[in-house]
Structure formats: C-alpha cells, structure tokens
Amino acid sequence: MNVGAAEAGVFLFGAALSLSAASAAITVKDDLGNEVTLAQPARRIVSLAPHVTELLYAAGAGDRLIGASNFSDFPAAAAKLPSVGSFAALDLERVLSLKPDLVVAWHSGNKPSQLARLREFGIPIYESQPADFGMIADSLEKLSRLAGSESIGNTAAKDFRARWQALQTQYRGRTEVSVFYQIWSQPPMTLNGRHMVSSVLKLCGGRNIFADLPQLAPTVSVEAVLAADPQVILTPGDAKDQPLERWRQFPRLRAVRDGHLYAVNADWLNRAGPRVLDAAEQVCDLLDRARK
C-alpha cells in the first residue's frame, strides 16, 4: 500500500471513531435549560442536595453515587455515602478527591461560586431545580439517561406521572383554600409560587397566599399574614421553634379560629423528589378538613 493510501485509511478509521464517539455521547438539558454532555454514562456521581440524592436513587443511579451532601438520608443506603458537606457550604476538596464524572447540583441551594469552581476543573454539572410534578418526572428520565439506567428511570417516571394524574383527577374542582406555608417563625418565612410546595398546594386546591412574592424563600411580616387571613397554616413537622403555637395569640385569624394549624412531613414536602406525592396526599387530606 502506498503512503497516500495508508494516510487515507488512517483518516477514514479516525473519522469512523469520531462518528462512533459522537453517537455514543449523551446530552440532556438540565432544569435551567443548559446542555449537559457526557462521553459515556456516568459511573462516579456526586449529589449536592438531599432531593437530588432521592431522585438519583429512584432513577436507578444509586450504585453510581460516590458522595452526597449532608442530610441525604433517603433511602437508607444514602446515609452511608461519604459526605461532601452541606449544600450551602460544600467541601470542594472532598468533592474533587472523589473524582466524579458527574455532579448533580441544586440551583437555588448551592453557591454559584462553588459550582463555578467545580466547572473550572472540567466536571460536568447538572443543575436541578424541579418546580412542579412534571419536572420531577422529567428529572427521573434525564438523570437515568446520564447514568445509563434508563429502564429503571423511565419506569419510575411513568409510575410517578400515573400517581400524580390520579391525584389531579381526585382533587380537581375542589373549593379553593387559602394557605400560609411557614418554614420559619422568627422572622416568619415562607416559599413563593416558583417553589414545588406551591405546586402541591395547587394540586390539592390550595392557594399560596404569598405566591406572587419575587423571592423563592421570602421573609414576611405578621401583619401581612393577618391581612391575608389564611384558612390553613402549614409548617414543617421538624420545626424546632414551635411556629404554629405563636399564631394562637391571634384568635380571629381564620386558621386559628377554625382549628386548621397543621404540621406536615418536611422531608416529603420540602424535597422536590418522588416522595412529594406522599406530601401531596397528606396536604390534600388536610385541606379537605378545612373545607368541611
């Protein structure tokens, strides 16, 4: 074979390899619409938030997880993962030492400066920020694709959508109930309409009285709550500062007058993962009590 033919053969072989690699690449869009591309399914994944950890396990990627943020305690196996610090204060050296080929972050929880630092090391980052039920189902599919566990993730997404739609059917047309969801009491703090909690309330026929505030987790005044006069006040069940008891000093407030002050499972409701449907069932039942 002459030199020209040999060069042509090498060129064709290289082109074939390039085409093969391109076809094997995996690309999905994260919750911000940014493309995340991997040359092959991730085998070493780090989760930077508890809800992300739950999504990854449900998507069939649990055996690829090599580290997770603090409070990643569901399922039970997650509690045994090496810690990479809290979602608000990551141990970047620890993350880098684990040599992940994919990091799944929490857009509104992790510090942008820390995510930027990880990107400087060439680590692909998928930013998670599910704001409704459809986005959770989509997350199960996209994360399973990145991890090469599509059969599990797609089934989980299908089951999630079926259960969600059944709840939609069950609670469609219910009389609207105004709700204040308090995540902290001094000062009072809540979540706005862009948070997953508002999607749960809407599913159950509830209306978040502070849905229109611009901040995701705004501080509100006692006077603003009294003026809105919600029918129901909800708070996370793990709150340590007795947020519900403080409202009993206002007996004319409808939620107090009618006895609709309730604690809900914080992990189910505050984490935008598959268990949010458990939260929806609990919240829908509580709002039905208020209607009666």
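Residues are numbered from 1 along each chain as its sequence is written, and side-chain values use heavy atoms, with hydrogens and water left out. Because the model is predicted, local features need pLDDT of at least 70 and side-chain atom pairs count only at pLDDT 80 or more, whereas totals for chains, interfaces and linings use all residues.

**Exercise 1.** Determine how the axes of helix α2 and helix α5 are arranged and which residues make the contact.

Solution. Helices (H or I, at least four residues) and strands (E, at least two) are DSSP runs, numbered from the N terminus. Axes are lines fitted to C-alpha atoms, for helices over the stretch in contact, with angles from 0 to 180 degrees between N-to-C directions. For α2 (residues 50-58) and α5 (residues 133-147), the axes come within 9 Å and cross at roughly 60°. Angles under 35 degrees count as roughly parallel, over 145 as roughly antiparallel, 65 to 115 as roughly perpendicular and the rest as oblique; α2 and α5 are therefore oblique to each other. The contact (heavy atoms within 4.5 Å) is made by L55, L56 and A58 of α2 with I136, S139, L140 and L143 of α5.

**Exercise 2.** Decide whether α6 and α11 are parallel or oblique, and list the residues that meet.

Solution. The axes of α6 and helix α11 (residues 276-291) come within 11 Å and cross at roughly 10°, which makes α6 roughly parallel to α11. On the α6 side, F160, R163, W164, L167 and Y171 take part, and they meet V276, L277, D278, A280, E281, C284, D285 and D288 in α11. Counting Ala, Val, Leu, Ile, Met, Phe, Trp, Tyr, Cys and Pro as nonpolar, Asp, Glu, Lys and Arg as charged, and the others, Gly among them, as polar, the contact of α6 with α11 divides into eight nonpolar, no polar and five charged residues.

**Exercise 3.** Find the element that gives the largest share of the lining of the second largest pocket, and classify the lining residues.

Solution. α7 gives the largest share of this lining, five residues. Sorted by class, the residues of the lining of the second largest pocket are six nonpolar, nine polar and five charged.
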